[in-house]
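Dear colleague,

Here is the structure I promised to pass on. My notes on it follow below.

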Amino acid sequence: MFRTSALTRTLREAAAALDAAESYAAWKQAAEAHDQLTGAADWREDGDSLYYDHVLVRKDVRVLRALREAGDGRALVEALTATVYRHQADIAAHELYVTALAGPKHLVREWLDEVEAALTWVVANPVKGLAPGDKRRRFEDAWKVYGRSALMLSGGATWGFYHLGVIKALFQGGVLPDILSGASTGAMIAAGVCTRTDAEVAQMFADTDSIRLDGLLPLSPRRALLAGAVLDPERLHEVLRHNVGEWTFAEAYLRSGRALNISVSPTRTRQKPRVLSHLTSPDVFVASAALASSALPGLFPPVVLDARGADGRTVPYVPSERWVDGSIYGDLPKLRLARLHNVNHFIVSQTNPHVTFFVGKQGDRGVVPAVAGVATATARTQGAYTADVVRRLTPAWSGPVRQAADRAYALVTQDYRGDIEIHPRFRAELLRKVVSNPSRSDLALFIREGERATWPKLPMIEDQTRLGRVFRACAAALREAEG
């Protein structure tokens, strides 16, 4: 009895250390201590598991190591081709990342280490029958087949400032993807990162006082009546220009090396939602796109996008079209990112309150999450059915009524899931902050809570994005070697 109560007390202390961590290093140390107490550390040492082919993984590690040490480049390339795609899915199994807080089976990391070492060896050494140019093309083709990762930032009004903490944790951990998408507030945050160099991003987190937080300014009753909205778009645009600069999508990509994608929704019934990027709209101003993506109907009026004209002046972009909040039709535009950037792995930071309610606990273990998952899935299905009935019964000529029905249906039926999902902890006291300017103390809280929600996901993110980063570095090194 004494030993049991002592262990319980020690576990509580370890859990408290996790909650109190002020950095990822402190959190990881607490996680490793917690794993020692629960036996999860022993689980990591034992490579056997039903969730991946541990026998074949061990064999492939031995084969890759032997070929690399023997200097057999040709056979190593063939072995890499087989093993990378053979284990691409099973070593990413969610079940390998829920037993231990500090990470998966050590065998998974051993396999990743050996694959990275083999790929690096192939880059640095001649391979019989493979000319330097052919080697580069082989790597670029392999990278294309392997696919890329993207970070997707949802809407969420003021709660979207949680995304800053998510990005801070990923950036400082060296695993921030170079493809980001954002809708609504997520578009503002993604824009702020994709218009800055790495040094400027680090400086932004070191001095968050440089970020303006006064973007929400109520209109006078008269102006609100004329605009059909209650908040001043000019003030938000001014704050966005301060926070993200006067860059176009093409200029932002050249500055940061990060591909920014912003969702905007149409106001016309037959117009389709768009994803603005350096590929689809290179001359559009990023601040203008973020403004449009944040224009929630009723709060802000629709927006005509601005672009840099051939003579350098600001001109309307598709002047006949007006755009509103990107979350309505494209909170997480996965299909369009797949087509634009060859993305097949999605990290989702979700802060929309209505979405977090439906999907925040899905996938968790235990009876309560399971029951909650069934209940919320049922509610979502019923909501989608009801919205569809209203939409079909509303005639197209009814204008705003049909448009509202279409938007409601789109909100309920969107796919809000990702391969890795980050849901900041819900705080009831922040409900009143959903549509208001955050204070400096609020911003610090949002950032810290975003970090804390991300730290438990970092082992999975590090592992599942690792080979993509290696492919990118290898291809870059080969291009540089060719001059």
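In these notes Ala, Val, Leu, Ile, Met, Phe, Trp, Tyr, Cys and Pro count as nonpolar, Asp, Glu, Lys and Arg as charged, and the others, Gly among them, as polar. By that division, the lining of the second largest pocket has 23 nonpolar, 14 polar and three charged residues.

Before going further: this is a predicted model, in which local features need pLDDT of at least 70 and side-chain atom pairs count only at pLDDT 80 or more, while totals for chains, interfaces and linings use all residues. Residues are numbered from 1 along each chain as its sequence is written, and side-chain values use heavy atoms, with hydrogens and water left out.

The chain

The secondary structure consists of 21 helices and nine strands, taken as DSSP runs numbered from the N terminus (helices are H or I, at least four residues; strands are E, at least two). Of the 483 residues in the chain, 48% are buried (under 20% relative accessible area, with exposed meaning over 50% and partly exposed in between; 1.4 Å probe, protein chains only).

The second largest pocket

A pocket here is an open set of points on a 1 Å grid over the protein atoms alone, where a 1.4 Å probe fits, with protein on both sides within 12 Å along at least five of seven lines; lining residues have an atom within 4 Å of a point. The lining of the second largest pocket comprises 40 residues, and those nearest its centre are Ala-157, Thr-158, Ser-184, Thr-185 and Met-188. At least two lining residues come from each of H9 (185-194), H12 (233-244), H15 (327-330) and H17 (353-359). The most come from H12, which gives five.

Two residues with positive phi

Ala-157 is not a glycine, yet has a positive phi of about 50°. Ala-157 sits in the loop between strand E1 (148-153) and helix H8 (162-172) and is partly exposed, at 29% relative accessibility. Val-318, also not a glycine, has a positive phi of about 50°. The loop that holds Val-318 runs between strands E6 (314-317) and E7 (323-324), and Val-318 is partly exposed at 27%.

Thr-195

Thr-195 is in the loop between H9 and helix H10 (198-206). Is Thr-195 buried or exposed? Thr-195 is buried, with a relative accessible area of 2%. Its side chain reaches the backbone oxygen of Ala-191 at 2.8 Å. Beyond its neighbours within four places in sequence, Thr-195 has contacts (heavy atoms within 4.5 Å) that include Glu-200, Trp-247 and Arg-255.

Regards

Definitions and conventions. A polar contact is a pair of N or O atoms within 3.5 Å; within protein, one must be able to donate a hydrogen and the other to accept it, and residues adjacent in sequence count only if both atoms are side-chain atoms.
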